[in-house]
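These are my notebook entries on a structure I looked through element by element. I kept to packing, pairing and backbone geometry.

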Amino acid sequence: MRILIVDDSSATRTFVREALEARDTPGASSEVVEADNGLEALRVLPRGPYSLVISDINMSGVNGLELLNFIRSNKSYENVGVLLISTQGSEKDKERGRRLGADGYLAKPFTADELRQAVNDVVAKRSAGG
Amino acid sequence: MAEGTDKAREEFLSEAQELIEGLSRSLLGLDELQNSGAEDPSLINEAFRYVHTLKGLSGIFSAKAIGTLAHRVEDALDALRLGRLPLSAEFIDVLLRTVELFWQLLSHEKDGDEPPDLQPILARIRRLTSETSSQQSREEFEFEPALLAVLTEYEEHRLRTCVERGLDLFKVRVRFGLATLDKELDEVKLRLAPLGEVITYLPTGEAASLDAIELDLLLASGSDNNAITQAIGGTNVTVEQVPRRAVGPASSPLSKPQSLEPLTSNRTAMPTQHPDSEIAQAAAIRSVSQTVRVDIRKLDVLMNSVGELAILRGALARMTERLRTDGQRQLASELHRIYRSFDRRLSELQGGILEVRMVPLSQVFDRLTRVVRQISRDVDKSVRLVVTGSDTEIDKLIVEELSDPLMHIVRNAIDHGIEPRERRLEIGKPEIGIVALNAFQKGNHVVLEVEDDGGGIDEKFLIERAVASGHVAASEASVLSRDEIMNLIFLPGVTTRQEVSDYSGRGVGMDVVKTNIAKLGGVIDLHSERNIGTKITVTLPITLAIVSALLVRCAGNTFALPLNSVSEAFSLDPGRIKWIDSREVYTLRGASLPLCRLDQLLELTPLPASNRKRRFVVVAGLGSRRLGLVTDELLGQEDIVIKSLGKSLKQVRGFAGATELGDQRVALVLDVAAIIEEVLRGSEGRELVGSLHE
């Protein structure tokens with residue numbers, strides 16, 4: 001499974017990468033590609049396909065909601081799951097993400113286990129045709 | 001314990017440091033704007049984002065205290081950026097104090113230092129933010145819900161603020177090539193900047209392909225459609241005003257994501273290409289981020305390898321020479337060709353690694369800016385810091401070690417140098433004192449100057465202190481030259497002020513500053529004029545990783561002298577040696593240079609006189625303190641990597657370390673600064689100190 005993590009914090013990206021690449025159950029190992037902002041994600045997306053995009057909401061330029069909206073309004077990405085992450089606080093941002101069709105939301109800080117659980121949930125939801 | 005591997009944790013620490021630096025920079029920018037009565041919402045947002053990221057990170061890595069403080073600061077900045085709180089000077093003050101606390105907390109995370117008490121600052125922030133006005137529900141939005149749906153709360157706030165100011169909203173749709181996205185976007189932003197504020201970019205789903213993308217730049221502007229179109233130029237652009245709608249009830253929620261039309265536009269959509277999977281595969285392997293973060297220790301290891309290769313290079317050269325003398329000319333010249341190309345590549349490699357180690361001085365200068373602000377407030381003086389050359393680059397390790405000595409010098413400049421306000425006005429100086437911080441590169445050195453326009457150093461007082469502390473005999477005091485007097489400030493226990501203030505003279509004197517600079521292979525000079533000001537000049541090598549050295553032989557031993565501390569070398573003419581106060585002094589171009597015989601200094605058995613043809617003098621030292629080192633032979637120049645002598649030999653003075661030479665022998669590297677210190681101090685002859693000026 002190929003996953004794109006979009007976050008302007010490189011330590012967070014490394015954390016996510018290590019949490020997900022360690023998930024080495026046979027046949028389900030993940031390859032994690034990093035992008036450090038929304039624009040970079042736009043550039044990287046066509047090089048997919050990605051099963052899942054994990055994106056921070058609060059980024060300058062193209063924010064996580066805009067990225068999500070872009071993915072949802074583009075047919076070539078209809079199979080891409082989107083998991084939004086953000087520091088808890090703005091309920092408004094979280095709610096907007098839900099309405100735009102995010103598959104999941106995870107508040108920072110999260111543990112590696114919580115992240116893996118959220119990823120599994122999104123994957124399960126997607127493959128169930130939801 | 002914190003989550004994440006060591007690698008992730010290390011990354012956390014260095015990223016946290018960058019974030020705190022960023023926060024500090026934004027806050028200082030805000031402070032400057034505040035002083036000049038201007039405002040820039042993007043700076044508040046920038047500060048917010050730094051601390052926001054810091055909060056998220058510290059949560060993930062279980063740095064609780066940083067998280068707590070970041071949380072409060074974030075709340076405060078959030079209220080500021082969303083316009084719920086006015087920005088006051090006191091507010092900036094408190095925020096800048098938190099930067100100091102963040103540093104302390106971070107060093108607690110790193111090295112387990114005592115964590116600071118956060119309660120007082122948290123209370124102050126709480127008090128400041130309790131005045132939050134809740135103008136949340138003023139006017140409801142008058143734009144399409146589809147537009148609002150993708151904005152973050154902050155972007156929505158900016159949109160609202162701009163509209164309230166009477167600006168119109170435009171969607172500027174531009175098509176970009178993916179490969180050149182950053183560059184093209186920067187260009188467009190630059191052109192739009194004079195027209196208004198770009199609130200966000202919205203990627204449109206329609207025209208995206210493997211190599212191109214369309215962005216709607218949301219621009220709030222007072223100009224009209226035509227002006228904007230003209231400003232951007234180019235053909236791939238459409239500008240469209242976003243219509244305002246009648247004010248409706250609280251924003252109508254979207255029921256389904258599918259109902260989200262991309263922002264309306266009458267351009268025909270490009271057919272969406274499906275990514276060609278082969279190209280996609282290949283491209284995905286490419287690294288996405290343009291920068292990597294590297295532990296400086298890894299670069300040291302690389303540099304060591306380069307050092308080893310340099311030794312091999314030397315061996316290769318000697319082998320070539322041997323082949324040639326053995327008559328194998330053909331083989332020798334082939335080997336020589338290989339040697340030359342090896343030599344070239346090795347220099348490139350070495351240059352490349354050195355370049356990676358370089359960081360701009362702005363890293364320390366930004367901290368100094370904060371210190372200046374803090375101190376000038378605390379000692380109640382008006383001081384303006386003028387910085388030039390902060391993009392000058394220097395070795396990362398030097399930057400790390402530089403911040404304490406520079407901080408001390410700047411503290412002195414403000415606390416001791418700049419006069420109190422009334423005094424300045426009295427003697428006709430501008431009320432605001434100036435501390436200038438200049439940096440520039442000069443050959444293989446970086447020069448840093450800290451200059452103040454304060455009262456200068458009181459000679460008489462300095463002499464009194466030096467006599468009182470026993471460094472100078474009262475009888476000698478009257479014959480000291482001005483520069484010699486100024487150099488007294490670098491002696492231990494000598495200070496320029498009677499009363500010890502909070503800021504300077506906390507036991508750390510200029511002698512410590514000098515020692516620390518010397519450890520970095522640098523020298524410090526001071527120039528001061530009464531009532532005009534003081535200038536302190538620090539000259540540092542650009543890097544410590546690899547140095548060019550002069551190899552000399554003395555009493556059968558080989559020594560290396562770092563070239564950055566050697567100014568010249570010549571053959572000794574015994575007729576020019578004079579004896580002054582039982583010291584040898586050499587007359588060089590009319591000035592006298594104190595001599596030091598290396599074999600005597602190091603207590604080596606001198607070569608028998610019959611073996612000596614002529615001897616040589618190497619002039620070592622920089623600035624005003626120089627010394628002529630007498631040696632038997634000059635061997636030539638070589639690039640060396642200095643290795644430490646190890647813990648057990650750390651106390652031995654006079655040696656900076658050891659190095660392996662091209663012929664695989666080991667040579668000791670002389671610590672020129674320490675030797676000069678030793679010899680000139682031991683002489684007690686003030687005639688010898690700094691007597692050579694050119």
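What share of the 694 residues in chain B is buried? I noted first that this is a predicted model, and then that buried residues make up 35% of chain B.

**Entry: helix H4 of chain A**

I turned to H4(A), which runs over residues 91–99, and asked which of its residues are buried. They include A:Asp93, A:Arg96 and A:Gly97, and because these cover an arc of only 100° around the axis, they lie on the same side of H4(A). I recalled that an α-helix has 3.6 residues a turn, so residues three or four places apart point the same way. On the other side of H4(A) I found A:Glu91 and A:Lys92, which are exposed.

I then looked up what covers the buried residues of H4(A), and the cover includes helix H3 (64–72), strand E4 (81–87) and strand E5 (104–108) of chain A, together with helix H7 (153–164) of chain B. Just after H4(A), I noted that A:Gly101 takes a positive phi of about 100°.

**Entry: a sheet in chain B**

In what order do the five strands of the open sheet in chain B stand? I read the order as E6-E8-E9-E11-E10, with mixed pairing. Strand E6 (383–388) and strand E10 (523–529) of chain B each have a single partner strand and stand at the edges, so one side of each is left without a neighbour in the sheet. Neighbouring strands of this sheet are turned by 15° against each other on average, direction ignored.

I followed one pairing in detail: E6(B) runs parallel to strand E8 (residues 433–442) of chain B, and six bridges join the pair. Within it, B:Val383 has B:Gly433 of E8(B) as its bridge partner.

**Entry: a hairpin in chain B**

I looked next at strand E15 (residues 577–580) and strand E16 (residues 583–588) of chain B, which pair in the antiparallel sense over four bridges. B:Lys578 is opposite B:Val585 of E16(B). E15(B) and E16(B) form a hairpin with two residues between them, and in the turn B:Asp581 has a positive phi of about 50°.

Two packed helices are described by the angle between their axes and the distance between the axes, and I looked up both for two pairs.

On the H1(B) side the contact involves B:Glu21, B:Ser24, B:Arg25, B:Leu28 and B:Asp31, while H13(B) brings B:Asp366, B:Thr369, B:Arg370 and B:Arg373.

For the second pair, I found H13(B) packing against helix H14 (residues 396–417) of chain B at an angle of about 30°, with the axes 10 Å apart. As angles under 35 degrees count as roughly parallel, H13(B) and H14(B) are therefore roughly parallel to each other, and their crossing is right-handed. The residues of H13(B) that meet H14(B) include B:Val364, B:Leu368, B:Val371 and B:Ile375, and among those of H14(B) that meet H13(B) are B:Leu402, B:Leu406, B:Val410 and B:Ile414.

**Entry: backbone exceptions**

Most residues other than glycine have a negative phi, and most peptide bonds are trans, so I looked for departures from both.

In chain A, the peptide bond from A:Lys108 to A:Pro109 is cis, with omega near 0°. I placed A:Pro109 in the loop between E5 and helix H5 (112–127) of chain A.

In chain B, B:Ser62 has a positive phi of about 55° although it is not a glycine. B:Ser62 sits in the loop between helix H2 (41–60) and helix H3 (64–81) of chain B and is partly exposed, with 17 other C-beta atoms within 10 Å.

I found B:Glu603 in the loop between helix H20 (598–601) and strand E18 (616–620) of chain B.

Note on methods
Residues numbered from 1 in each chain as written. Chains lettered and ligands numbered in written order. Predicted model: local features only at pLDDT ≥ 70, side-chain atom pairs only at ≥ 80, totals over all residues. Buried ≥ 20, exposed ≤ 12 C-beta atoms within 10 Å, placed from the backbone. Arc of directions from axis to C-beta. Contact = placed C-beta atoms within 7 Å. Pairing = 2+ DSSP bridges. Axes fitted to C-alpha atoms, helices over the stretch in contact; angles between N-to-C directions. Parallel < 35°, antiparallel > 145°, perpendicular 65-115°, else oblique. Left-handed = near helix turned anticlockwise from the far one by under 90°.
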